Amino acid sequence: MSLAGEYDGANIFAKILRGEMPCVKIYEDEHVLAFMDIFPQSQGHCLVIPKDTTARNLIEFPANRLGLLFAAVQKLSKAVVKALNCDGVIVTQFNGAPAGQTVFHLHVHVIPRYANLPLQPHHGGKPADMAVLRDQAARIAAAL
Ligand code: AMP
């Protein structure tokens, strides 16, 4: 899907927000939901998505809501570092299929990095063990 187009309310993250699909939740407030990525690029890879939006990407998102979204991203990043004792954190997001985006509801990746451990590919990685994801989510949530 290119940058131009309509928001599809059947996308996976919209379904998660409506409670139609499960997720391994870390944190939720009136503005955002944070949950574990089920194809993690590293141990503890999580996602932050804004609620109540039809923005498919950063370009479509209202500038006056960026502060709350990125405050949540920072909060989660701090908790990830504290909970998982990682050595670095990548904060990233992709806009449009040619840029690597696969789910067309705006989202921000928080990806812990560990010294000397390789990063898994952005796509084509292995699905995570749900018990491991639940454990990581609980540890990150406790560090918020
Ligand atoms: P992107 O490729 O930047 O659009 O990111 C989409 C991300 O969502 C990828 O990292 C996927 O692994 C992840 N993902 C896809 N489906 C789910 C799901 N049901 N629950 C959690 N993460 C998902």
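Begin with the lining of the largest pocket in this predicted model: its residues divide into 14 nonpolar, 9 polar and 1 charged. Colour the selection by residue class to display this division of 14 nonpolar, 9 polar and 1 charged.

Next, select Phe 13, Asp 37, Ile 38, Phe 39 and Leu 47. Among the 24 residues that line the largest pocket, these five lie nearest its centre. Two elements, helix H1 (12–17) and strand S2 (32–36), each give two or more residues to this lining. Highlight H1, from which the largest share comes, with 3 residues.

Now proceed to the second largest pocket, whose volume is about 330 Å³. Select Pro 40, Gln 41, Ser 42, Gln 43 and Gln 120, the closest to its centre of the 19 residues that line it.

Of the elements, H3 gives the most to the lining of the second largest pocket, namely 3 residues.

Finally, apply the residue-class colouring to this second lining. How many of the residues that line the second largest pocket are nonpolar, polar and charged? The division is 9 nonpolar, 7 polar and 3 charged. For a side-by-side view, keep both selections: the lining of the largest pocket has 1 charged residue, and that of the second largest pocket has 3.

Note on methods. Residues are numbered from 1 along each chain as its sequence is written. This is a predicted model: local features need pLDDT of at least 70, side-chain atom pairs count only at pLDDT 80 or more; totals for chains, interfaces and linings use all residues. Side-chain values use heavy atoms; hydrogens and water are left out. On a 1 Å grid over the protein atoms alone, a cavity is a set of points where a 1.4 Å probe fits but cannot get out, and a pocket is an open set with protein on both sides within 12 Å along at least five of seven lines; lining residues have an atom within 4 Å of a point. Helices (H or I, at least four residues) and strands (E, at least two) are DSSP runs, numbered from the N terminus. Ala, Val, Leu, Ile, Met, Phe, Trp, Tyr, Cys and Pro count as nonpolar, Asp, Glu, Lys and Arg as charged, and the others, Gly among them, as polar. Grid points are joined across faces, edges and corners, and a volume is the space filled by probe spheres set on the points.
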